[in-house]
Amino acid sequence: MKVKKNYYKLSNRTLSINSSGEDIIYLKEALNKVSFFTNNENDIYDMDMMNTVIRFQLYYGLQPDGIFGKKSREKLEKLINKWKKKYD
């Protein structure tokens, strides 16, 4: 998966099953950076992606609905910012 170095620029769009676009690729890369690995390299929010988001939500005490919305995005952005400070 080729991703530009703006993986920390997550979309404000709410993402859920069958969403697609470049922002899905950035979301997958961001989740991979914080050890929530996704198995595919496409730009579709599929069942694998939904399950990864649910694992992320459960781990961080968020509502485990599989929808990547505002609260999930805010948590992931905080984690990515910490990661950037440490590794970038």
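Predicted model: local features only at pLDDT ≥ 70, side-chain atom pairs only at ≥ 80, totals over all residues.
**Exercise 1.** Work out which face of helix α2 is buried and what it packs against.

*Solution.* Start with the helix itself: α2 has 13 residues and reaches 18 Å from its first C-alpha to its last, close to the 18 Å expected at 1.5 Å a residue. Next, pick out its buried residues, which are Met 49, Met 50, Thr 52, Val 53, Phe 56 and Gln 57.

**Exercise 2.** Find what caps the N-terminal end of α2, and which residue with positive phi follows the helix.

*Solution.* Begin at the N-terminal end, where Asp 46 is the cap: one of its side-chain oxygens lies 3.3 Å from the backbone nitrogen of Asp 48. Then move past the helix to Gly 61, whose phi is positive, near 70 degrees.

**Exercise 3.** Decide whether Ser 72 is buried or exposed, and list its contacts beyond four places in sequence.

*Solution.* First place the residue: Ser 72 sits in helix α3. Its relative accessible area is 4%, and buried means under 20%, so Ser 72 is buried. Now leave aside neighbours within four places in sequence; Ser 72 is then in contact with Phe 56, Gln 57, Leu 62 and Ile 67. For Leu 62, ten residues away in sequence, the C-alpha to C-alpha distance from Ser 72 is 7.2 Å.

Conventions
Residues numbered from 1 in each chain as written. Heavy atoms only, no water. Helix = DSSP H or I, 4+ residues; strand = E, 2+ residues; numbered from the N terminus. Buried < 20%, exposed > 50% of the residue type's maximum accessible area, 1.4 Å probe, protein only. Contact = heavy atoms within 4.5 Å. Expected span 1.5 Å × (residues − 1). Arc of directions from axis to C-beta. Polar contact = N/O pair within 3.5 Å; in protein donor to acceptor, adjacent residues only side chain to side chain.
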